[in-house]
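The report that follows reads through one chain, from its overall form to a single side chain. Please keep the sequence and the coordinates at hand while reading.

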Amino acid sequence: MSVTRTEKTGARTETAATVISGARERIDALDDRIIGLIQERMAVSAVIQDARIASGGRRVNLAREMEVLAHYRDALGRPGTSIAMTVLELCRGRI
């Protein structure tokens, strides 16, 4: 038995199901872009860590991480801090 678009989206009308389906496609595309940007950030972070360690420094710069946390919090509110922590975690220690 196939699932109708209204059942799949939780919509009660075909018009709403069409809107929801289109918006979900856009969200999926945005998620793909976000993932790509995070992967790019991870690569750039690895370059920074390599340079810092090669110069005798530490892998992580806590003052810089605090700046990043504040930037996300200022832009996105309190939940931005959690997002920033996850991004920083993904970008640490990949070398």
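How much accessible surface does the chain have, and what percentage of that surface belongs to carbon and sulfur atoms? In this predicted model, the accessible surface of the chain comes to about 7300 Å², and carbon and sulfur atoms account for 58% of that area.

**Overall form**

The chain contains four helices and zero strands, so that, read from the N terminus, its elements follow the order α-α-α-α. The radius of gyration of the chain is 20 Å, whereas a compact globule of 95 residues would have one near 12 Å. The C-alpha trace, taken along its principal axes, spans about 60 × 25 × 20 Å. Of the 95 residues, 17% count as buried, and among the contacts between residues at least 6 apart in sequence, 37% join residues at least 24 apart. As for charge, the chain carries 15 positive and 12 negative side chains, and the centres of these two sets lie 5 Å apart.

The table gathers some of these whole-chain values.

| Property of the chain | Value |
|---|---|
| Radius of gyration | 20 Å |
| Span of the C-alpha trace along the principal axes | about 60 × 25 × 20 Å |
| Residues that count as buried | 17% |
| Separation of the centres of positive and negative side chains | 5 Å |

**Helix 2**

Helix 2, which covers residues 14-54 and has 41 residues, reaches 60 Å from its first C-alpha to its last, and this is close to the 60 Å expected at 1.5 Å a residue. Its buried residues are Ala17, Ser21, Ser45, Ala46 and Gln49, and what covers the buried residues of helix 2 includes helix 1 (5-9) and helix 4 (78-91). Helix 2 is followed by Gly56, a residue whose phi is positive, near 95°.

**Ile83 in helix 4**

Helix 4, one of the elements that cover the buried residues of helix 2, is also where Ile83 lies. Why does Ile83 count as partly exposed? Ile83 falls in this class because its relative accessible area is 42%, and partly exposed refers to values between the 20% limit for buried and the 50% limit for exposed. Leaving aside residues up to four places away in sequence, Ile83 touches Tyr72 and Leu76. Asp50, by contrast, is 33 residues from Ile83 along the chain, and the C-alpha atoms of these two residues are separated by 24 Å.

Methods:
Residues numbered from 1 in each chain as written. Predicted model: local features only at pLDDT ≥ 70, side-chain atom pairs only at ≥ 80, totals over all residues. Heavy atoms only, no water. Helix = DSSP H or I, 4+ residues; strand = E, 2+ residues; numbered from the N terminus. Rg over C-alpha atoms; globule rule 2.2 N^0.38 Å. Buried < 20%, exposed > 50% of the residue type's maximum accessible area, 1.4 Å probe, protein only. Contact = heavy atoms within 4.5 Å. Areas by Shrake-Rupley, 256 points an atom, 1.4 Å probe, with all protein chains shown as cover. Lys, Arg positive; Asp, Glu negative; His and termini not counted. Charge placed at Lys NZ, Arg CZ, Asp CG, Glu CD. Expected span 1.5 Å × (residues − 1).
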